[in-house]
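Hi,

Here is the model I promised to pass on.

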Amino acid sequence: MDSAKPGLVLTVPVTQLGPGARAWRGLKRMALVSGIGVVLVAVPLLHVCGAVVALIAGPIAGVFAWRARAVLGACEIACPKCSQPVLVPDQLPGWPARVHCAKCGAMVELQLGEAAPS
Ligand SMILES: [Zn+2]
């Protein structure tokens with residue numbers, strides 16, 4: 001998002017993740033990536049890469065999945081630069097959630113808004 005422009009207010013479907021859901025999500029991602037690494041250990045010429053994927057990339061992927069505090073549902077928003085529709089994929093992690101406009105290539109960053117003062 002261009003910092004010179006004011007932010008837009010949008011309504012998108014969001015599921016807030018609690019501590020348990022975040023931990024479970026991180027563990028699932030780590031098991032998936034580490035599992036792929038374990039499978040690669042059995043492949044000749046890739047066994048060293050498999051060990052690196054299993055022992056290093058798996059935990060890193062798990063931490064990145066754990067960091068997401070919310071997941072967004074699929075929706076369509078307008079690009080703030082070219083006003084073309086931008087598709088937000090289902091299960092996009094946030095905050096901030098970032099998508100790129102397919103038309104102009106601008107990055108659209110979605111932040112959690114604060115409640116308006118009453
Ligand atoms: Zn655009």
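Before anything else, a word on burial: I call a residue buried if 20 or more other C-beta atoms lie within 10 Å of its own, exposed if 12 or fewer, and partly exposed in between, with C-beta atoms placed from the backbone. By that rule L17 is partly exposed, because 18 other C-beta atoms lie within 10 Å.

Two bits of housekeeping. This is a predicted model, so local features need pLDDT of at least 70 and side-chain atom pairs count only at pLDDT 80 or more, while totals for chains, interfaces and linings use all residues. Residues are numbered from 1 along each chain as its sequence is written.

Now the overall picture. The chain has 2 helices and 7 strands (DSSP runs numbered from the N terminus: helices are H or I with at least four residues, strands are E with at least two). Their order from the N terminus is β-α-α-β-β-β-β-β-β. The radius of gyration is 18 Å, whereas a compact globule of 118 residues would come out near 13 Å; that figure is taken over C-alpha atoms, and the globule rule is 2.2 Å times the number of residues to the power 0.38. Along the principal axes, the C-alpha atoms fill a box of roughly 60 × 35 × 25 Å. Buried residues are 15% of the 118.

L17 sits in the loop between strand 1 (14-16) and helix 1 (19-41). Its C-alpha atom is 5.4 Å from that of R69, although the two are 52 residues apart along the chain. Leaving out residues up to four places away in sequence, L17 touches R22, R25, A68, R69, A70 and V71, where contact means C-beta atoms, placed from the backbone, within 7 Å.

On to helix 1. Its 23 residues reach 33 Å from first C-alpha to last, close to the 33 Å expected at 1.5 Å a residue (the expected span is 1.5 Å times one less than the number of residues). R29, M30, V33, S34 and G37 are buried in helix 1, and helix 2 (47-67) is part of what covers the buried residues there.

Next, the hairpins. Strand 3 (residues 75-78) and strand 4 (residues 85-88) pair antiparallel over 4 bridges, pairing being at least two DSSP bridges between two strands. A78 has P85 as its bridge partner. This hairpin has 6 residues between its strands, and S83 in the turn has a positive phi of about 65°. Strand 6 (residues 97-100) and strand 7 also run antiparallel, joined by 4 bridges, with A97 opposite L110. In that hairpin, again with 6 residues between the strands, G105 takes a positive phi near 80°.

Not counting residues up to four places away in sequence, L110 touches V12, G94, P96 and A97.

Cheers

Note on methods
Contact = placed C-beta atoms within 7 Å.
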